[in-house]
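Student: Could we walk through this one together, starting with the charged pairs and then looking inside?

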Amino acid sequence: MERTEYEVMAAVEDRHWWYGGMRAIAAALLDEVYAGRRDLRILDAGCGTGGNVVFLRRYGSVAAVDLAPEAALFGRERLRGALARATVLALPFVDACFDLVTSFEVLYHRGVPDEGAALRETWRVLRPGGRLLLRLPAFEWLRGRHDSAVHGRRRYTIGDVQTLLRNQGFVIERISYVNTLLLPFPLVQRLIERLLPDVADDGSDLQLPPALLNEALRWPLAAEAAWIARGGTFPVGLSVICRARKDQESACSG
């Protein structure tokens, strides 16, 4: 990502409605299988400035990797003692050492030209029966200025994600689009970016909105998290989220 995006992320990710909402959705999927667990060994692969590492500590001990020096610079307090500077294409860990690996908006970056290679590394470091929680941006037709700012290479459909994971031997447990209820707003934003590029806002999509608006925007994602927790799914959305398992009987095909 651009350095400015790391700066903004570090400043807002503890308070921004999007981060809070997405963590609530992630918690819904994790609590389904790990409620009450505090003993997991977890890897956040592509940790950014560390907000998700703090969130994941409720389930156990967390290690983190990120290749960008900005991650260590801007996330040093959150990531103290947890961060290894490394690429998700070559994780610096022994085989079968984690119960859970998380990957939030990482595999779509230009710095990961081969998702399959990254997923094979994830498979390698997971214990049999361990899980991957993967989130990726959805639909190429939703590509916008923010994708360029964060060096996004592509966006995905549920079918794309299913193929990627199954090709590496993962068993998909839950998969859905999310960030659905607010979809009309980014659709309008993308339309403005295409039709009126000189008028479109040049600011980061991660900028913290005014307090009242920030609070109001939390509610749709909270509703989505509650629906996901009840076993629901969404047919469209800004992101795809998937929980998959390294089945003890399956083998990586890669």
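This is a predicted model: local features need pLDDT of at least 70, side-chain atom pairs count only at pLDDT 80 or more; totals for chains, interfaces and linings use all residues.

Student: Is Arg174 buried or exposed?

Tutor: Its relative accessibility is 12%.

Student: Which residue forms a salt bridge with Arg174?

Tutor: A salt bridge here is a side-chain nitrogen of Lys or Arg within 4 Å of a carboxyl oxygen of Asp or Glu. For Arg174 the closest N and O atoms are 2.7 Å apart, and the partner is Glu32.

Student: How many residues apart in sequence are the parts that Glu32 and Arg174 tie together?

Tutor: Helices (H or I, at least four residues) and strands (E, at least two) are DSSP runs, numbered from the N terminus. Glu32 lies in helix H2 and Arg174 in strand S6 (residues 171-178), so the pair ties together parts whose separation in sequence is 142 residues.

Student: Which residue does Glu13 meet in a salt bridge?

Tutor: Both partners are buried. The N to O distance is 3.5 Å, and the partner of Glu13 is Arg78.

Student: What is the volume of the largest cavity?

Tutor: On a 1 Å grid over the protein atoms alone, a cavity is a set of points where a 1.4 Å probe fits but cannot get out; lining residues have an atom within 4 Å of a point. Grid points are joined across faces, edges and corners, and a volume is the space filled by probe spheres set on the points. One cavity of 30 Å³ or more is counted. The largest has a volume of about 70 Å³.

Student: Which element gives the most to the lining of the largest cavity?

Tutor: Ala118, Leu119 and Thr122 are among the lining residues. The elements giving two or more residues are strand S5 (126-137) and helix H5 (115-125). With three residues, the top contributor is H5.

Key. Residues are numbered from 1 along each chain as its sequence is written. Side-chain values use heavy atoms; hydrogens and water are left out. On a 1 Å grid over the protein atoms alone, a cavity is a set of points where a 1.4 Å probe fits but cannot get out, and a pocket is an open set with protein on both sides within 12 Å along at least five of seven lines; lining residues have an atom within 4 Å of a point. Buried means under 20% relative accessible area, exposed over 50%, partly exposed in between (1.4 Å probe, protein chains only).
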